[in-house]
Amino acid sequence: MDEKYFPEQIENKWQQRWRETGVFEAKTDDPREKFYCLEMLPYPSGFLHMGHVRNYSIGDALAWFKRLQGFNVLHPIGWDSFGQPAEQAAIKRGVNPRDWTEENIAHMRGQLQRLGMSYDWSREIAAHRPDYYKWDQWFFLKMLERGLAYKKVSQVNWCPKEQTVLSNEQSSGGLCWRCGTRVEKRDLEQWFLRITDYAEQLVADMKQIDARWPDKVLKRQSDWVGRSEGAFIDFAVKDSNKKIRVFTTRIDTIFGANAIVLSAEHPLLTELLQGSALKQDVDAFAEKVKSERTPDRETGEEEKEGLNTGVLAINPFSGEILPVWVANYVLMEYGTGAVMSVPAHDERDFEFAQKYSLPIRQVIAPVSHEQMNAEPVPTTAGDASAEMKHSFTDYGVLINSGEWGGKLSKVAIAEMAAHAKKNGFGEAAVTYRIRDWGVSRQRFWGAPVPVIYCDKCGMAPVPYEQLPVMLPENAAFTGTGESPLAGVPEFVNTTCPQCHGPARRETDTMDTFVDSSWYFFRYLDPHNDAAPFDTRMAKQWTPVDQYIGGDSHAVMHLIYTRFWTKFMRDIGLVPFDEPVKSLLTQGMVTNRIEGTDEWKAMSKSLGNGVDPDEMIAAFGADATRLFVLFAAPVENELRWSESGIEGAVRFLRRVYTMVWRWRERLSQPGQIEPSDVESSPEGRALRRKTHQTIAKITSDFEQLHLNTSVAALMELFNQVAEFNADPATAPAEDVFAVREALEALVIMLAPFSPHIAEEMWEGLGHTGGLLQDVARWPVADPELARREELEIPIQVNGKLRSRVIAAPDVSEEDLRTSALADERVRALIQGREVVKVIVVPRRLVNVVIR
């Protein structure tokens, strides 16, 4: 340990030591309790920014904490390395996407290593390498065998800029999730994964994780799956054999229906308008709605627009003839893409009816809480004759509803669904908003779909023994929308595995979210060439104990990976339902956009990114990591500040200097044991602060309150500094108190700034490093951590009458108040005049009476 703190020298030393000893490599034969700590793997865009550093620093701090607690920690890293940016680079710059990706990985790996991240690099994976995407293809074939993968012509979401298909999740709000371009609709033959088969499980199994996943993530997933209980009802089209099936959660309001409203994308629309004079106008309106799909349309906030199609339908309950409209507020993604409009009891329908002067008929009347739970309901409930100023959306009692009048909503809903089923025009049902996952992509840089087409045999899966279907070395990137693989004859032309005649390969590749849906299982067994992973490894290491990543993945990656895990369970690879026990979504790192007062998430395109290599060169990796963990709670936005990182450097330098001052005295043999210690008041205060800090930081770490942990370390250091003992002359009991405080401080600093912690630990006389020496996370002694209390004698007219317990820093006023409130003293002074109260601070209170 040198006298001066030189971050670069110390960090290079310990990074080399860690590489040589393999101290971060997880061992499968280690009998200790496991802990799987994981951050979302990065896309190798070329450079890390401080948002990445924050994400990985959070995970690394937790991994260090758990290792020091004695856990066998798995903390791997890899690369989500397939995707559109590599292909765009190939188009724009004429580079090979494979070379571009490997160069970026090499640079970003170096950045992570310079930051000192404690990854098990022996388990590194990359999605673009054949030994990984072979298993993407293996999983696809398993799904194909079970009917979960299928191909059909479908209207898909098409990004004209990226020239590729997007899933519903990737085009939420009508915009491409990557570039923000407005999405178009196209009819294409596409591969889908039947995620809808798992929709109920995706909702029901949330109860297994709801205690340790953010509420906002679970709500977004629940909303996206969109489970709704209700009923299907068939409305016969007048003068036709067609029927319009609607889904409703409020069948009890059906007597208030004033229209049937279709989505602009509804497949029946064209058929219903055959021969209609209004067909041209309705088609034009529908196309306009489809082209103007916006986020407001999905949330229902867009101004309601509609057009009467001239088609009529029949209410199967009342026999009433209803007009059929098409409108922009009805979505094909919800229910059946058709709704019954009941403006008296639905806010959107009410707004629509008012705009187009449609009739509004109340059929549910409010009832009191007592009436809601009573049977039968009084017939006087509600008044349907008054003009409605707004919709009434609560449950209540049915009125103007034929034989169901007077029944409570909850009763009528069940009875009316049963009536519909009995009479053949409907049934109770559960629907989901989520749609099957479209995984076809017209790209080169992705895992090829392992399917072959033969004119004689039709579609055939690639035999397992022929996996992986390898990407060719290169392809012509035209940017026209057709898969580049279609222009590579040596890839396309193959042999049918059934008849051995000429055949063609599928030229679509898979959505990159396939790669990231199961990657953390491959970390368990990354070199296995016979299976995606050994099931014994899955039982040992998974589920993931702590997952850390951005909130933006709430409804894509995190839904897909839950689905994928349930499929792996069903084919016997894992024995559980959910892949992740605990989830943290960290806040963004933002920086001011130059020339403005606007703060945005760091981005190369906005010019407000900060290169971590520059921060490491200027301040050191330890200070960089310490700052991003101290500056804000991990869930909150962090505003970048170089003055803040300078403060982190000053703190580390002060701690280093303190350890240097004490290193010789603390490394001497023959140190006293805790049982021998009779500390001075100052020594007792330091020991109390040490154990209070241990207790606080241990508790904070379990909740990932890392900023308050750093603050507690700073407070402990300040107390050591205020102790101000001379290392050369301090008595043994004070030396013990300092040793205990500094060793605890160094160990607890390690998760935040590991290089300097290792160096100081060595300076204190220990060998082998924190994770190979006897160092363990300190354990707080509750007795030592307890706040010191004083027993203060209370006198009345100079005679001892009672005692009160007070804190050492109690004020004179508080002592006076406590003394006069004491039960024994109150009894003695009752009816007497208190002349004065004499307070001797920390020693005595004397109440003078007459």
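**Entry 1: surface and charge.** I'm working with a predicted model, so I keep that in mind throughout. I looked up the surface first: the chain exposes about 36600 Å², and carbon and sulfur atoms supply 48% of that. Then I checked the charges. I got 98 positive and 121 negative side chains, with the centres of the two sets 2 Å apart.

**Entry 2: overall build.** I asked for the secondary structure and got 28 helices and 32 strands. The C-alpha trace spans about 105 × 85 × 55 Å along its principal axes. Of the 850 residues, 56% count as buried. I also looked at contacts between residues at least 6 apart in sequence: 73% of them join residues at least 24 apart.

**Entry 3: the cores.** Which residues touch the most other members of the largest nonpolar core? I found Met-50, Trp-640, Trp-662, Leu-706 and Leu-742, out of 95 residues in that core. I picked Leu-706 and listed its contacts, leaving aside neighbours within four places in sequence: Ile-58, Ala-61, Leu-629, Val-634, Phe-701 and Phe-752. Apart from this core lies another one, of 92 residues, including Ala-86, Ile-209, Val-462 and Phe-477.

**Entry 4: aromatic pairs.** The count came to 44 aromatic pairs. I went through two of them slowly.

Stacked or edge-to-face: what are Phe-232 and Phe-247? Their ring centres sit 5.7 Å apart and their planes meet at 65 degrees; over 60 counts as edge-to-face, so that's what this pair is. Phe-232 belongs to strand E8 (residues 228–237) and Phe-247 to strand E9 (residues 243–248), 15 residues apart. Burial is called at under 20% relative accessible area. Phe-232 has 17%, so I wrote it down as buried. Phe-247 has 4%, so it went down as buried too.

Next came Phe-255 and Phe-317. The centres are 6.2 Å apart and the planes are at 65 degrees, so I noted this pair as edge-to-face as well. Phe-255 is buried at 10% relative accessible area, and Phe-317 counts as buried at 13%.

Terms used: Residues are numbered from 1 along each chain as its sequence is written. This is a predicted model: local features need pLDDT of at least 70, side-chain atom pairs count only at pLDDT 80 or more; totals for chains, interfaces and linings use all residues. Side-chain values use heavy atoms; hydrogens and water are left out. Helices (H or I, at least four residues) and strands (E, at least two) are DSSP runs, numbered from the N terminus. Buried means under 20% relative accessible area, exposed over 50%, partly exposed in between (1.4 Å probe, protein chains only). Contact means heavy atoms within 4.5 Å. Accessible areas come from the Shrake-Rupley method with a 1.4 Å probe; for residues, only the protein chains shown count as cover. Lys and Arg count as positive and Asp and Glu as negative; His and the chain ends are not counted. The place of a charge is taken as NZ of Lys, CZ of Arg, CG of Asp or CD of Glu. A nonpolar core is a set of buried Ala, Val, Leu, Ile, Met, Phe, Trp, Tyr and Cys residues joined through side-chain atoms within 4.5 Å. Rings of Phe, Tyr and Trp (its six-membered ring) pair if their centres lie within 6.5 Å; planes under 30 degrees apart count as stacked, over 60 as edge-to-face and the rest as tilted.
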